[in-house]
Amino acid sequence: MHIVDRRLNPGGKSLPNRQRFLRRVKDVAQRAVRESAREKDIKDLGKDGRVTVPVDGVREPRFSRQPGTGLQDHILPGNKTYVEGDTIERPPGSGGGRGSGEGGEGGENSEDAFRFVLTREEFLELFLEDLELPDLAKRRLAVVETEGLRRAGYTVTGSPANLALTRTLRNSMSRRIALKRPKPDEVAALEARLDALAEGHPERPDLEQALFRLRERAKRIPYVDPIDLRFRRFEPYPRPIAQAVMFCLMDVSGSMTEHMKDLAKRFYILLHIFLTRRYRHVEIVFIRHTDRATEVDEETFFGSRETGGTLVSSALVEMKRVIAERYDPNDWNIYAAQASDGDNVSSDGPTSTELLRSHILPACQHFAYLEVGDENGPRAGFVEHRTTLWRTYEAIAKAGGPIAMRKVNHRREIYPVFRELFGRKEGRAEAEA
Amino acid sequence: MTLVKARTPQIIAGNQKPLFTGNDWDFDTIRRIHDACEAVAGPQLGLSWYPNQIEIITAEQMLDAYASIGMPLFYKHWSFGKHFAQHEAGYRRGLMGLAYEIVINSDPCISYVMEENTATMQTLVIAHAAFGHNHFFKNNYLFRQWTDAEGILDYLDFAKGFIARCEERYGHQAVEQVLDAAHALMSQGVHRYPRKKRPDLASEQRRERERIEHGEQIYNDLWRTLPQKTGAVRSDLAAERRKALLELPQENILYFLEKVAPRLRPWQREILRIVRLVAQYFYPQRQTKVMNEGCATYCHYRIMNALSESGQITEAAYLEFLQSHTNVIRQPNYDDRSYGGHNPYAIGFAMMQDIARIAEQPTEEDRAWFPDIAGVGDAMAVLRDCWENYRDESFIQQFLSPKLMRDLRLFHVVDDPEEPELRVEAIHDERGYRKLRRSFARQYDVAWLDPDIEVVDVDLEGDRRLILHHKAINRITLQKDDAKRVLQHLADLWGYDVVLKEVEPATGAVLGEITASARPIFF
């Protein structure tokens, strides 16, 4: 008899099978993932990756008998009252006999939907597939930033943090050996001998002399000399990267209802997940505005409340300022996503147009405008009311500016709209057609 | 039916030190448990078994093993990933417990036991799997005839490697398509009866010579003057000969495809062969569910009781054992909400107990029904003989006693779609016993349960249309959707059109027809 402990064997024996399975159900799983993203709170995306896949794609057909055809026999346990020749009414809604364990009506439909759990990675992979920042390649070639350091041997100067201790001490030791620096043991031995001798012993002066010379020598030859020091050298090297910055502009003015703010936030959270996951070098700037705009951090942007009037140009001015300060359009791919209910002071229209046309859009690779509307949407029969901002932007778009506009009324539309705005070129062309 | 047997008072002389106390175990405990079980299984029960190999695994590894139908190594396919996902989801949501053990019909016999099991559970599963199942695998005629316990792990290793190499060489998709198609036909990929051995050249020559000699001996010139046969008969003969050459009719469709399909490439044939051999390896297990589990359950019950009587397991452990034992052999009634068919553990264990009773303390009825075994005294000898020489269907047909039918209160309901109501055909009474037992046994006849589908004819020189018949016994037809899909797979492998006819065997009437044309995916 052998006992084998298999517990330490590497797990995940089924991983290749799982990958094959996922590849098989990719299309359906992707659809299911997007379905599930509609109603779910976007913040929870990927936390719970349970997906239901219709069974069609993963059916394993076998020849089996159709229940409810022909003469079927059932042997059942637990008879109480029946005697031979009794008749039993057919259970409603089933062709087969009652209690026919495997053969009953469940046979066909038991596999109707198939549920399984995706890991967070798998979920987001499917969720964000095909999305990308448009035109990112344009400047990628041009921008070869010097970023990143790598080890490159040793140097004699440097910051103490980079001191190469082993290397330094090795140098020190070879120098000490070469220059015959007295070892502490030698000095100690001599001292001991000196102590042992009585005062006035004839050998004493010689010994004292020797000890003095040793001490002097040790003093002249330091343990660690500045010439021993070595530092780890780091060398900057050019790494081609796509530098991108995303400006998130959100209207938080009083005219935005809770519903609208919710929509806008959902949109930005989606954007945030997408950017942080897909691009390692994307910076995100959060700007929110009422009648004046401020740059805020992530927490404040998503969390805090504020009310006031609306002045869209204030956000654009703030964005322009940040660009001028930190993001040179020659070095950066600049993107902007703006969410608003479309209300604006009418006098602000020309100012905004001017700002966009001459400052923002020339600097931007892509400008996405998301207009959030009422939950109920435009009332049936009424011509959809065009908001001030929409008309302003529409004029710019017609003139050929790199601006994409979408309107959202319900949160289930967020994800499709998001895909339209950031889907790959081909996909976007289709969606618009 | 109660299973808590009145326990005999402990024999003072046999009072031994308990093997373990509490729930914890270590490898030394496992070894002691195994040796103690062995001491019961050999001398007292007369079992014989392959050498044991006990492997400790984690829950995750158990899920892995589930997904590859219990085998320690297996080729890769998405369907196993699907089953893994299913089991995992069920397990995580707490809908499903995991098995305490998995046992593999191999030599040495490998039993996987879970690390979470308590010491009592380890004793139970070792008695159950390492001795009960092991004895059954080694001795039952079906396993001896159809499976090669020594070679299976090596063969699976070969299969895994071969399919991986094919994936590398021909691409994942091409291999997946062949495997999908082969899996669809898996239950039509077994030989149900041993085939005739092909004669070798020497014996062919010898027979030929004998035939000529015989012809010379009975030569009569008169035969030459008889009129010639007509042409129609001759073409009929040609068809006969064609069928004979292709070994038609053939129920093993995978075998037929592997040998005859005109357009398959060698590696595709080899994959069909792998799937077919795996199906064949598992075929005996499908035919002996009740007996296999009954044998293992009866063995663990006897071993645990013996250990308890000799004081090797404590009262507490014995109660824990009884609890899981009674759980395992629970059989809900047909009108119970938890009823899901017959529980093979329950039927098997009850029949084993019943046979032991008949052998040792028969009633008058038993003597009339089972003159061969009633009162012979040595229950284990009778049981060992059953385990060796029967499968579920023949076992039930032979040994289901009237008493057990009464205990289980079995009854037989016939569902005839022509009639407005269901009819109770037989119950557990004098008139019903034999009828009941016959139809109950048939429920365990795999050949009766699986649809009976045969390749009937194909004209290889003509349009190469493959003709299959499904014998629709009792006019039960195939499930249309699935049948269509399977037939599509079959047509893809065959490379030409395929037609499946539903034939009623009694009258030869055709009830329906499904056709499929090959898609150009394999060639």
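Where does E306(A) lie in chain A? E306(A) sits in the loop that joins α10 (298-303) to α11 (312-326) of chain A. Helices (H or I, at least four residues) and strands (E, at least two) are DSSP runs, numbered from the N terminus. The model is predicted: local features need pLDDT of at least 70, side-chain atom pairs count only at pLDDT 80 or more, and totals for chains, interfaces and linings use all residues. Residues are numbered from 1 along each chain as its sequence is written, chains are lettered from A and ligands numbered from 1 in the order in which they are written, and side-chain values use heavy atoms, with hydrogens and water left out.

E306(A) counts as partly exposed because its relative accessibility is 26%. The classes are buried (under 20% relative accessible area), exposed (over 50%) and partly exposed (in between), with a 1.4 Å probe and protein chains only. Leaving out residues up to four places away in sequence, E306(A) touches V252(A), K261(A), R288(A), T290(A) and R292(A). Contact here means heavy atoms within 4.5 Å. G254(A) is 52 residues from E306(A) along the chain, yet their C-alpha atoms are separated by 7.9 Å.

Chain A contains 15 helices and 13 strands. Of its 433 residues, 42% are buried. Contacts between residues at least 6 apart in sequence were examined in chain A, and 80% of them join residues at least 24 apart. The accessible surface of chain A is about 23300 Å², with 51% on carbon and sulfur atoms. Accessible areas come from the Shrake-Rupley method with a 1.4 Å probe; for residues, only the protein chains shown count as cover.

Chain B has 21 helices and 9 strands. Buried residues account for 54% of its 523 residues. For chain B, 73% of the contacts between residues at least 6 apart join residues at least 24 apart. Chain B exposes about 24500 Å², and carbon and sulfur atoms supply 50% of that area.

The largest nonpolar core holds 83 residues. Such a core is a set of buried Ala, Val, Leu, Ile, Met, Phe, Trp, Tyr and Cys residues joined through side-chain atoms within 4.5 Å. L47(B), F131(B), I303(B), W387(B), F395(B) and F399(B) have the most contacts inside it. Helix α4 (residues 119-139) of chain B gives the most to this core, namely 11 residues. Beyond its neighbours within four places in sequence, L47(B) contacts A41(B), G42(B), F131(B), H135(B), C299(B), M380(B) and W387(B). A second, separate core has 71 residues, including M186(B), L248(B), Y281(B) and L493(B). In soluble globular proteins, nonpolar side chains tend to be buried together.

S401(B) lies in the loop between α17 (392-399) and α18 (402-408) of chain B. S401(B) is buried, since its relative accessible area is 0%. Outside four places in sequence, S401(B) touches D354(B), R357(B), I358(B) and F370(B).

The contact between the chains takes 98 residues from chain B and 62 residues from chain A. Together they bury about 7700 Å², with 53% on carbon and sulfur atoms. Buried area is the accessible area (1.4 Å probe) that two parts lose on being put together, summed over both. W78(B), Y334(B) and L422(B) supply 10% of the area that chain B buries against chain A, more than any other three residues. There are 11 salt bridges between the chains. Each pairs a side-chain nitrogen of Lys or Arg with a carboxyl oxygen of Asp or Glu within 4 Å. E55(B) and R6(A) form a salt bridge through their side chains (2.4 Å, N to O).
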